[in-house]
Amino acid sequence: MARDSSATKARILAAAFDEFAAYGIAGARVDRIADTAGANKRMIYVYFGNKEQLFDQVILQAVERGAESVPFDAGNLPRYAGAIFDHLTADPRLMRLVMWKRLERPEATALEAESYARKTAALATAQREGHVDPAHDPADLLTLVLGLAQAWYTTAGGDPAAEDHRTAHRAAVVDAVARLTGVQGAPQDPAA
């Protein structure tokens with residue numbers, strides 16, 4: 001009977017996502033990933049290389065899925081911030097994975113660097129066209145927007161189970177980004 005390598009790889013990546021979100025790179029165990037995935041430990045090394053390379057693949061997959069789920073809209077940063085908040089709320093493990101990446105692999109991947117450069121260029125264009133207040137450097141503005149959208153998960157105040165507080169916090173994020181971008185009549189987030 002032929003093995004389905006794509007199904008095995010998908011199970012390994014799903015198990016690795018859980019393991020890395022819970023323990024980071026240093027605390028993650030390839031044995032646990034293999035057991036959870038129902039895969040041979042050796043196949044992890046065959047398909048992905050070492051544990052760090054597997055982590056990089058998990059990060060790459062998370063970044064790609066995030067870009068698909070939350071398209072960047074330089075002309076409507078409040079909506080973008082709200083969408084990031086919603087994306088993280090849908091799966092709080094994402095923020096844990098991001099935090100482990102920042103701690104253990106702080107350097108940007110090629111995909112992250114390229115995505116950031118593309119977004120800051122789009123912001124610069126939106127500023128020149130009058131859609132976004134030009135008071136802040138595009139890179140600084142993007143950093144602030146991302147920081148506001150992620151703040152719920154990076155501080156002690158964020159309880160994902162508290163629906164009413166989460167809704168109020170999301171509205172505060174969208175409002176703060178609208179004020180930060182500062183263009184009168186700028187489109188707002190209809191979900192807020």
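Predicted model: local features only at pLDDT ≥ 70, side-chain atom pairs only at ≥ 80, totals over all residues.
Core. I looked up the largest nonpolar core and found 44 residues in it. Those with the most contacts inside this core include Ile12, Phe20, Leu54 and Leu97. Helix α1, residues 5-27, gives the core its largest share, 8 residues. I then listed the contacts of Phe20, leaving out residues up to four places away in sequence. Phe20 touches Ile25, Ala28, Ile33, Lys51, Leu54, Phe55, Val58, Leu97 and Trp100.

Salt bridges. I count 10 salt bridges.

Entry one is Arg32 with Glu19, whose side chains meet at 2.6 Å, N to O. Arg32 belongs to helix α2 (residues 30-37) and Glu19 to helix α1, so this pair ties together parts 13 residues apart in sequence. Arg32 is partly exposed at 33% relative accessible area, while Glu19 has 7% and is buried.

Entry two is Glu107 with Arg105, where the closest N and O atoms are 3.3 Å apart. Glu107 is partly exposed at 44% relative accessibility. Arg105, at 19%, counts as buried because the cut-off is under 20%.

I noted Arg179 as exposed, at 65% relative accessibility, and Asp175 as partly exposed, at 36%.

Last, I looked for shared partners among the salt bridges. Asp18, Asp91 and Arg93 are joined into one network this way.

Notes
Residues numbered from 1 in each chain as written. Heavy atoms only, no water. Core = buried A, V, L, I, M, F, W, Y, C linked by side-chain atoms within 4.5 Å. Buried < 20%, exposed > 50% of the residue type's maximum accessible area, 1.4 Å probe, protein only. Helix = DSSP H or I, 4+ residues; strand = E, 2+ residues; numbered from the N terminus. Contact = heavy atoms within 4.5 Å. Salt bridge = Lys/Arg side-chain N within 4 Å of Asp/Glu carboxyl O.
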